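Q: I'm new to this one. Can you walk me through it?

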Number of protein chains: 2
Amino acid sequence: MGIIQRKEREKEEMRRLILDAALRLFRERGYDGVSLRNIAEAIEYSPGTIYLYYKDKSEIFFALQYEAAAVKRDYLLPVADIADPWERLVEFGRRYVDFGMKHPDLYDLLFITRAPMEYIENQECWKLGMATHSFFQETVQACVDQRYFKSTDTETIAYTLWCHAHGLVSLFVRERMRMYPEEHREELARKSFNMIVKMAESL
Amino acid sequence: MGIIQRKEREKEEMRRLILDAALRLFRERGYDGVSLRNIAEAIEYSPGTIYLYYKDKSEIFFALQYEAAAVKRDYLLPVADIADPWERLVEFGRRYVDFGMKHPDLYDLLFITRAPMEYIENQECWKLGMATHSFFQETVQACVDQRYFKSTDTETIAYTLWCHAHGLVSLFVRERMRMYPEEHREELARKSFNMIVKMAESL
DNA sequence: CTTGACAAATGAACAGTGTTCATTATCTTT
DNA sequence: AAAGATAATGAACACTGTTCATTTGTCAAG
């Protein structure tokens, strides 16, 4: 009975079609700048069809947010193999920033866009994000355990580093670096990352 | 000839009425969550009337953004009197964060909300923001001149500190701290601020 | 093959949006 | 009081997210 499987596959392909078009449009014009009719037109279907696959516009957003979280996890996953906690931490940070710079639209989806956050916490996306955050915090804890820092306040250390990385990326993503010439921005970001690493070494 | 003055005053009062209502509504439901009809209804005028005072919705936004920049400047202005550059810098940071925490809606307007940034640069708001940023950078420069830091890369130091402060505030403002219990968030932010100050001391 | 049943896609319709503008009402000046 | 200027209106336009009766397409049974 391969029929229902084929149907399921076709449904999945349709979802992909919708998500790909939606992401491309969101990326270009932002969530609010894109209408469902735009998405429908892009995939050459009628507006009503989309509602057969996603119950409303926000669910498309959540689906994309989940995918963004998955991409981010895959981006960060390899650092788990690094044995030394300090090296693991630095590489984690470097990849976090790198992810944000290379996928500003996904980063925006995950950490900046206003979403009904109360509803999100029950979702898979939240679990994924929490897992990553726990891994980060555990890495900091490992550094603390091995006396890499003078301070032993793991939570504050982790949070402080996150603040810097998030600030770095989100100023970039939301175009608040216009006082720096375009071609210097990336270099400045890299320098700043190296600086916070140096600062953390003597923390 | 008090008439045209009174007219001008009335026009100004009308603008105030619109901006106050708009800010209140934006604060509650966000820029996209508020319609011009909502604003019109709130001030008990017809939708068309608003267009006699602001040419479109985004101009209301820009007016509010300018006011936010002014509030922020007034918030930060007093630190100019602090003679010691290091103390001045720390107090500047403290007030910057404080402003963001106390006026999340204004901070959002200034540093997070997606706005047609290309158009903004010619506006008064941009000048105001640039002046503040220059003051910040000059303070860092003063610290560098007096050998408060080992590093002499003023630009990167200033940017790094800004990244942290902005990350701190924007994670708070956009509700990405839900993994920390509500009642601990402010304390964590304060601890993190103190930590970055300590880190900067040995920079 | 044809038929009947089910699923998928449609597009008109509803209530909302930002914005414009001819019309109406109000106030100022003669 | 009449004429002129200014302010306010609300209907209208093209858009939005969303729903749903209707049409179209697919596939198994007779």
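A: Let's start with a term. Helices here are DSSP runs of H or I, at least four residues long, numbered from the N terminus. This is a predicted model.

Q: Good. Which helix of chain B does Glu59(B) lie in?
A: Glu59(B) lies in helix H4 of chain B, residues 57-76.

Q: Is Glu59(B) buried, partly exposed or exposed?
A: Glu59(B) is partly exposed, because its relative accessible area is 29%.

Q: What lies 3.4 Å from a polar atom of its side chain, I mean that of Glu59(B)?
A: The backbone nitrogen of Lys55(B).

Q: And how far is Glu59(B) from Lys7(B), going by C-alpha atoms?
A: Their C-alpha atoms are separated by 21 Å. Along the chain, Glu59(B) and Lys7(B) are 52 residues apart.

Q: Which residue does Arg95(B) pair with in a salt bridge?
A: Arg95(B) meets Glu91(B), at 3.2 Å from N to O.

Q: Where do Arg95(B) and Glu91(B) lie?
A: Both are in helix H5 of chain B, residues 85-102. They sit four residues apart, about one turn of the helix.

Q: What about Lys191(B), which residue is its salt-bridge partner?
A: Glu187(B). The closest N and O atoms are 3.8 Å apart. The cut-off for a salt bridge is within 4 Å, so this pair counts.

Q: Where do Lys191(B) and Glu187(B) lie?
A: In helix H10 of chain B, residues 182-201. Lys191(B) and Glu187(B) are four residues apart, about one turn of the helix.

Q: How accessible are Lys191(B) and Glu187(B)?
A: Lys191(B) is at 35% relative accessibility and counts as partly exposed. Glu187(B) is partly exposed too, with a relative accessible area of 33%.

Q: And Asp74(B), which residue does it form a salt bridge with?
A: Arg73(B), with the closest N and O atoms 3.1 Å apart. Asp74(B) counts as partly exposed because its relative accessibility is 45%. Arg73(B) counts as partly exposed at 31%.

Q: Over to chain A. How is it divided?
A: Into domain 1, residues 1-54, and domain 2, residues 62-201. In the contact, domain 1 of chain A takes part with seven residues and domain 2 of chain A with five residues.

Q: How far apart are the centres of domain 1 and domain 2 of chain A?
A: 30 Å, taken over C-alpha atoms.

Q: How much area do domain 1 and domain 2 of chain A bury between them?
A: About 550 Å², with 75% of it on carbon and sulfur atoms. On the domain 1 side of chain A, Leu19(A), Leu23(A) and Arg27(A) supply 64% of the area buried against domain 2, more than any other three residues.

Q: How many salt bridges cross the interface of domain 1 and domain 2 of chain A?
A: One. The side of domain 1 of chain A that touches domain 2 of chain A has five nonpolar residues, no polar ones and two charged.

Q: Last one: which residues are linked with Arg16(A) in a salt-bridge network?
A: Asp20(A) and Glu67(A). The side chains of Arg16(A) and Glu67(A) meet at 3.0 Å, N to O.

Conventions. Residues numbered from 1 in each chain as written. Chains lettered and ligands numbered in written order. Predicted model: local features only at pLDDT ≥ 70, side-chain atom pairs only at ≥ 80, totals over all residues. Heavy atoms only, no water. Buried < 20%, exposed > 50% of the residue type's maximum accessible area, 1.4 Å probe, protein only. Helix = DSSP H or I, 4+ residues; strand = E, 2+ residues; numbered from the N terminus. Domains from an automatic or database assignment. Contact = heavy atoms within 4.5 Å. Buried area = accessible area lost by both parts, 1.4 Å probe. Nonpolar A, V, L, I, M, F, W, Y, C, P; charged D, E, K, R; others polar. Polar contact = N/O pair within 3.5 Å; in protein donor to acceptor, adjacent residues only side chain to side chain.
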